[in-house]
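Thanks for coming, everyone. Let me put the model on the screen, and then we will walk through it.

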Amino acid sequence: MREGSTPYNAYVRLTRGASVENAWPDGAVSCGGGLIRSSSVITHRGLKFLKLGLCRALNEVYCLGAEPFLVTVDIAYPEKYSEEKLKTVMEELVDIARDEGISLTFGALTGICADIPVITFGALAHADELRLKVKPKGQTVLMAGYVGDAGSSILAQELKEELSGKIHSDILEEAAANYSFSLKALRNIHTFIKPVSEGGVLKSLWEIKENVRVGYNISLRDMCIRQECVEVCEALDVNPYQLAGDGAAIIITDDPDSIASQITDAGFPVNVIGQVSADLKGLFFRGLEGSYVDRPAQDELYRFMRGVK
C-alpha cells in the first residue's frame, strides 16, 4: 500500500491475530461492578517508550490493589507512515504485553499530522479493594524504588553519543539497560501507594498533597538513587527528582516496619523518607535548602525530547 493511507482492509490485516488475547470478559464494557480504568499517552520514540507507556497505565491499577485483565491500545500515526512501520509498532506492543503477562487489544488506528505516532494505553481491572484513604497526620512516608530511574535510562540510551565523553562506558551501558518500570510486585501490599511517573518524585508528592489534602516533611537525602542516574543527571544538568521515575512509588502507612519488609520481599529498595504533616502549606523538603516547594515544573525529560528519535 502507498504511504499516507491505511484503509479498512489494512486495519483488518494488522489487527487480526495481533492481540495476545483479543477477548473482553463479561461485564468489561460496564463502568460499574468494581471495574476501573487507568490510561497513559506516549509518543513512540523507541521500544523503551512503548514499555514505559504500557507500564504507566498498568502501575496505576497495580497501586490500587487491582489485577488488570486487559489493555486497550489506540494508535494515532503520522500520515506518511507505511503499513509496514505500523505493523512493526503493533508487533512490538504485543511482545511487550506478553512479557508483562497482560492481554492486549487494539482499538482505533487513525492518521494525524505529526512526525511520530501517539499511542494511548487503557488498563482495565476489577478491584475488590481500593486503597484511597490516608489519614492527615501521624503517618510515615516511604519510597520504594529509585529516583529518576526511567528518565535517566532513556537519556542514557538516546543521548549515548553526547554522554560517552562524560561518563564511563560501563556506567552508561548499565543506565541504558534499565527496563524495570513495572510495579506489579506491589499490588498485594495493602496501604496507600502512589506510583512515581512523569514529572518525577516531586510531582508525585505534590499530587498526593493536592488530592488527599496532606502536607509532608520530606528528606531528599533518604531517597534511593542509582549512581548511574546521578552521573547522567550531573552530565546533563538535570534535576533527578523532577525526572520520570517510573518503577518507583510513594507509600504512606501506619505500619512502616511491616510494609517496608513486604516491599523488600517484593524486590524493591525502600527507605523512610519523611512524615505526613498537618501543615497543608506545601511540601517541606530537607535537603532542598530546607524550604517549601512550589508546584513542580514539567518533567526534565521534555528538555531533550526533540533530540530523541
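**A walk through the model**

Start at A235, which is partly exposed, at a relative accessible area of 21%. The cut-offs: buried is under 20% relative accessible area, exposed is over 50%, and partly exposed lies in between, with a 1.4 Å probe and protein chains only.

Two notes on the source. This is a predicted model, so local features need pLDDT of at least 70, side-chain atom pairs count only at pLDDT 80 or more, and totals for chains, interfaces and linings use all residues. Residues are numbered from 1 along each chain as its sequence is written, and side-chain values use heavy atoms, with hydrogens and water left out.

Back to A235. It lies in helix α8. Helices (H or I, at least four residues) and strands (E, at least two) are DSSP runs, numbered from the N terminus. Which residues does A235 contact, leaving aside neighbours within four places in sequence? They are L163, K166 and I167. Contact means heavy atoms within 4.5 Å. Take K166: A235 is 69 residues away from it in sequence, but C-alpha to C-alpha the two are 6.5 Å apart in space.

Now the whole chain. It has nine helices and 11 strands. Of its 309 residues, 52% count as buried. Look at contacts between residues at least 6 apart in sequence: 85% of them join residues at least 24 apart.

Next, helix α6, residues 169-176. Its buried residues are L172, A175 and A176. Why are they on the same side of α6? Because they cover an arc of only 95° around the axis. That arc is taken over the directions from the helix axis to the C-beta atoms. The cover over these residues includes α2 (47-62), α4 (149-158), α5 (160-163) and α8 (227-236).

Helix α4 holds S152. Buried or exposed? S152 is buried, at 4% relative accessibility. Its side chain reaches the backbone oxygen of G148 at 2.9 Å. A polar atom of that side chain also lies 3.1 Å from the backbone oxygen of D149. The rule for a polar contact: a pair of N or O atoms within 3.5 Å; within protein, one must be able to donate a hydrogen and the other to accept it, and residues adjacent in sequence count only if both atoms are side-chain atoms. Not counting residues up to four places away in sequence, S152 touches C229, V232 and L243.

T191 sits in the loop between α6 and β6 (192-195). T191 is buried too, with a relative accessible area of 11%. Its side chain reaches the backbone oxygen of I252 at 2.7 Å.

On to helix α9, residues 256-265. I259, A260 and I263 are buried there. They cover an arc of only 100° around the axis, so they fall on the same side of α9. The face turned away from that side carries exposed D257 and D265. Covering the buried residues are, among others, β5 (140-144), β8 (249-253) and β9 (270-277). Just after α9, G267 takes a positive phi of about 100°.

Last, the lining classes of the largest pocket: 10 nonpolar, six polar and eight charged residues. Nonpolar means Ala, Val, Leu, Ile, Met, Phe, Trp, Tyr, Cys and Pro; charged means Asp, Glu, Lys and Arg; the others, Gly among them, are polar. α7 (200-212) gives the most to the lining, with six residues.
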